[in-house]
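I am opening my notebook on a structure that is new to me. I will write down what I looked up, entry by entry.

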Amino acid sequence: MSKTMVVLGTQWGDEGKGKIIDFLSKNATHIVRYQGGNNAGHTLIVKKKKIVLHLIPSGLLYKNIIGIIGNGVVVSPTALIKEINILKKKKIKVLDRLVISKYCPLVLKYHVKMDKLRENFKNKIIIGTTRRGIGPSYEDKIARRGLRIGDLKNFDFFKYRLKELVNYYNYYFINYYNDKPVNFKKLLNKLYNIKDIFLKILKNTTKFLNKIISKKKKKIIFEGAQGTFLDIDHGTYPYVTSSNTTIGGVFTGTGIGPKNINYILGVVKSYVTRVGNGPFITEIFGDLNDFFYLKGKESGSTTGRRRRIGWLDIVALRKSIFINSLSSLCLTKIDVLDYLPEIKICIGYKKINKNNKFLDNFENNILNKKPIYKIIKGWNVSTYGISNFDDLPNETKNFIFLIEKLTNIPIDIISTGPDRCHTIVRYSFFKK
Ligand code: GDP
Ligand code: IMO
Ligand code: MG
């Protein structure tokens with residue numbers, strides 16, 4: 001039997017999943033994306049060189065690893081080709097070790113246009129999306145009208161369906177948004193010219209993965225995109241993404257069963273960030289916000305937007321732990337907390353208009369609620385790049401022990417910097 005591990009985000013994305021997956025890939029054989037699309041931005045830093053991946057699984061910098069894009073991922077063919085070419089320029093060839101499910105929904109030009117138009121439209125909820133067309137593509141999938149990447153095989157049928165969809169979207173672009181239509185012929189030609197690149201690597205990835213899991217001795221990482229509170233069902237709806245970023249996404253997005261997952265690692269930043277709109281009870285402003293923004297380099301890996309910042313929210317983290325059945329945590333960016341005189345951790349919420357009632361459940365509606373903080377002493381030294389747990393200052397160890405106590409699960413990995421080598425491993429599942 002193979003060994004399998006899921007690595008997913010426990011907050012609002014950008015927890016440092018990419019860095020940790022790249023680090024863990026040293027001992028892996030396969031990396032599988034199962035949801036989201038090129039709204040993800042996973043940053044890897046190896047020997048001071050930075051690579052941001054959006055659709056390509058994060059382990060592929062290791063040349064022996066096979067990358068799988070499961071059926072739950074929405075694929076923009078143009079974005080994927082762009083990424084493949086960027087990697088090729090860096091002498092990382094991925095095409096011969098990339099497999100894509102033929103059932104992946106496509107993200108096409110009209111999805112991106114719709115996403116942008118909606119975000120710019122007055123008098124409605126503005127999500128603050130990445131404007132990559134992710135929501136509209138998932139909508140087409142759920143409405144059972146979407147085109148899938150495998151449809152490119154029968155190009156006559158593809159052409160017929162594409163025409164219908166372009167007409168459908170153009171009706172809204174012209175009549176509702178008062179904007180230009182998408183040019184069907186241009187889009188069709190573009191897809192015709194690039195289709196052969198994909199046809200060679202399409203597979204029934206469900207069959208492929210189940211076979212590897214049951215018949216071989218491989219080490220497989222399932223790579224989450226976004227984070228728990230951006231989940232379409234369990235997140236801060238409607239300020240969420242359009243996929244299941246929580247554990248269920250692994251099963252629907254690949255076609256493997258829950259019994260086949262052996263270890264679930266939740267990545268948690270030592271503080272919280274969020275890009276886009278939506279409730280954020282521990283949000284901080286002013287000088288401290290600038291401190292985190294500058295020290296943590298908190299601007300979006302995909303859109304470059306400044307991330308919102310807040311203190312670590314244990315109440316939210318506990319929800320993340322039970323929804324995802326986490327085995328353990330990976331705590332990232334503790335080095336960003338270095339030199340802070342005090343560090344806050346949110347341990348509950350207080351209802352401010354009803355007898356100050358204490359709430360220990362995560363609340364999406366934060367109106368009339370305030371976070372309750374436990375304040376701990378910071379450490380006045382640098383932890384940047386430390387790779388041995390014993391070398392951490394006592395105050396940092398106490399911060400780690402406190403999170404373990406408050407969440408009741410172990411912190412197996414600690415990240416002390418953006419580079420692959422800035423990592424402390426207390427327990428290694430693949431090496432066990
Ligand atoms: P992802 O979407 O979860 O993969 O995270 P992103 O790559 O979007 O954002 C995480 C950012 O933090 C990236 O710029 C990483 O290089 C950086 N990073 C990851 N881990 C650490 C860490 O432990 N310390 C510091 N200082 N930076 C880190
Ligand atoms: P990674 O994988 C952080 C956010 C957007 C917006 C909401 C919906 O790098 O952690 P969408 O374009 O998905 O319809 O936008 O979700 N969002 C992310 N925030 N990290 C991400 O991915 C995100 N992907 C989407 O900012 O609030
Ligand atoms: Mg990111």
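Which helix gives the largest share of the positive patch? I found that helix α7 (residues 205-215) does, with three residues; helices (H or I, at least four residues) and strands (E, at least two) are DSSP runs, numbered from the N terminus.

Before going on, I note that this is a predicted model in which local features need pLDDT of at least 70 and side-chain atom pairs count only at pLDDT 80 or more, while totals for chains, interfaces and linings use all residues. Residues are numbered from 1 along each chain as its sequence is written, chains are lettered from A and ligands numbered from 1 in the order in which they are written, and side-chain values use heavy atoms, with hydrogens and water left out.

**Positive patch.** I listed its members as Lys-203, Lys-207, Lys-211, Lys-215, Lys-216 and Lys-218; such a patch takes residues with over 30% relative accessible area and no salt bridge, like charges being joined within 9 Å. I looked up Lys-211, which lies in helix α7, and it counts as exposed because its relative accessibility is 53% (buried means under 20% relative accessible area, exposed over 50%, partly exposed in between, with a 1.4 Å probe and protein chains only).

**Magnesium site.** I saw that Asp-14 (OD) and Gly-41 (O) coordinate the magnesium ion (ligand 3) at 2.0 to 2.2 Å; donors are N, O and S atoms within 2.8 Å of the metal (3.2 Å for Na, K and Ca), and sites may look incomplete because water is not among the atoms. Asp-14 is in the loop between β1 (3-9) and α1 (17-24), and Gly-41, 27 residues apart from it, is in the loop between β2 (30-33) and β3 (42-46). Asp-14 is partly exposed at 21% relative accessibility, whereas Gly-41 is buried at 10%. In α1 itself, I noted that seven of the eight residues are buried.

**Salt bridges.** I counted a salt bridge where a side-chain nitrogen of Lys or Arg is within 4 Å of a carboxyl oxygen of Asp or Glu, and the count comes to 16. Lys-333 and Glu-298 meet in one of them, at 2.8 Å from N to O. Lys-333 lies in the loop between β12 (328-332) and β13 (342-351) and Glu-298 in the loop between α9 and β11, so this pair ties together parts that are 35 residues apart in sequence. Glu-298 counts as buried, at 0% relative accessibility. I then followed the shared partners and found Asp-14, Lys-269, Glu-298, Arg-307 and Lys-333 joined into one network.

Technical notes
Patch = residues over 30% accessible without salt bridge, like charges linked within 9 Å, V, L, I, M, F, W, Y side chains within 5 Å. Areas by Shrake-Rupley, 256 points an atom, 1.4 Å probe, with all protein chains shown as cover. Lys, Arg positive; Asp, Glu negative; His and termini not counted. Charge placed at Lys NZ, Arg CZ, Asp CG, Glu CD.
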